[in-house]
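Visitor: I am new to reading protein structures. Could you walk me through a few features?
Guide: Gladly; let us look together.

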Amino acid sequence: ARAAVATLPGVAAVHPQRYSSFPLVLSGRFMDLSMSTDAVLEGLEADWLAADVDPEKFQWDPSQEGEPIPAVVSEALVEMASDGILRSQGLPRVKARQLKGLGLDGQLGRSSFVRTRSADIHHVRFEIVGVSDRVSPVALAGPMAVVEHYDQAFAGGEGRALAYSSL
């Protein structure tokens, strides 16, 4: 489908997007606040974010498993956190540049909504490498390869067909 869309008249580029099919719990600390939340991981390719994030910093492949996974958050999420969560705690607004380098612990396969066997959880570390308005405001964006790799891992290696959420 991607190749077919790319050949259509007027199409300059095709940038796939894919949401993870596994649950995710994120946790971390920022400005003396601890947080934990269920989240969705959005897989994107580096060229889609190139206007906001250095493409070299938004790369990952399975050989890097165990190393921090680069992540990008949306400008809208930063605004919501600043004007809602931080303000309600009497803390100052946050600027996008303050988030770069922030680490978040991820528990792939875990959800606060349902009980999960600990053996089914993959523990990862995300590192925020940028903020962009090209990222879903309700997801944490990571390289497409991360979503593809862990979708396969949670499917039991059954060779689940690649399906994009959008192009």
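We will talk about aromatic rings, then a strand, then a serine.

Guide: A word on the ground rules: this is a predicted model, where local features need pLDDT of at least 70 and side-chain atom pairs count only at pLDDT 80 or more, while totals for chains, interfaces and linings use all residues. Residues are numbered from 1 along each chain as its sequence is written, and side-chain values use heavy atoms, leaving out hydrogens and water.

Visitor: How many aromatic pairs does a search of the whole structure find?
Guide: A pair of aromatic rings is described by the distance of the centres and the angle of the planes. Rings of Phe, Tyr and Trp (its six-membered ring) pair if their centres lie within 6.5 Å; planes under 30 degrees apart are stacked, over 60 edge-to-face, and the rest tilted. The search finds 3 pairs here. In one of them, the centres of Phe22 and Tyr150 are 6.5 Å apart and the planes are at 70°, so this pair is edge-to-face. Phe22 sits in the loop between strands S1 and S2, and Tyr150 in helix H4, 128 residues apart. (Helices, H or I of at least four residues, and strands, E of at least two, are DSSP runs numbered from the N terminus.)

Visitor: How are the rings of Trp60 and Tyr150 arranged?
Guide: Their centres are 6.1 Å apart with planes at 35°, so the pair is tilted. Ring pairs link Phe22, Trp60, Tyr150 and Phe154 into a cluster.

Visitor: Is Tyr150 buried or exposed?
Guide: Buried means under 20% relative accessible area, exposed over 50%, and partly exposed in between (1.4 Å probe, protein chains only). Tyr150 has 3% relative accessibility, so it counts as buried. Phe22 is buried too, at 6%.

Visitor: Which way do the residues of S5 point?
Guide: In a regular strand the side chains alternate between the two faces of the sheet. Here, Ile69, Ala71 and Val73 point one way from S5, and Pro70, Val72 and Ser74 the other way, all of them buried. S5 runs parallel to strand S7, joined by 6 bridges; two strands pair if DSSP finds at least two bridges between them. Ala71 has Ile128 as its bridge partner in S7.

Visitor: What does Ser82 touch, beyond its neighbours within four places in sequence?
Guide: Contact means heavy atoms within 4.5 Å. By that rule, Ser82 is in contact with Arg87, Arg93 and Val94. Ser82 belongs to helix H2 and is buried, with a relative accessible area of 1%.
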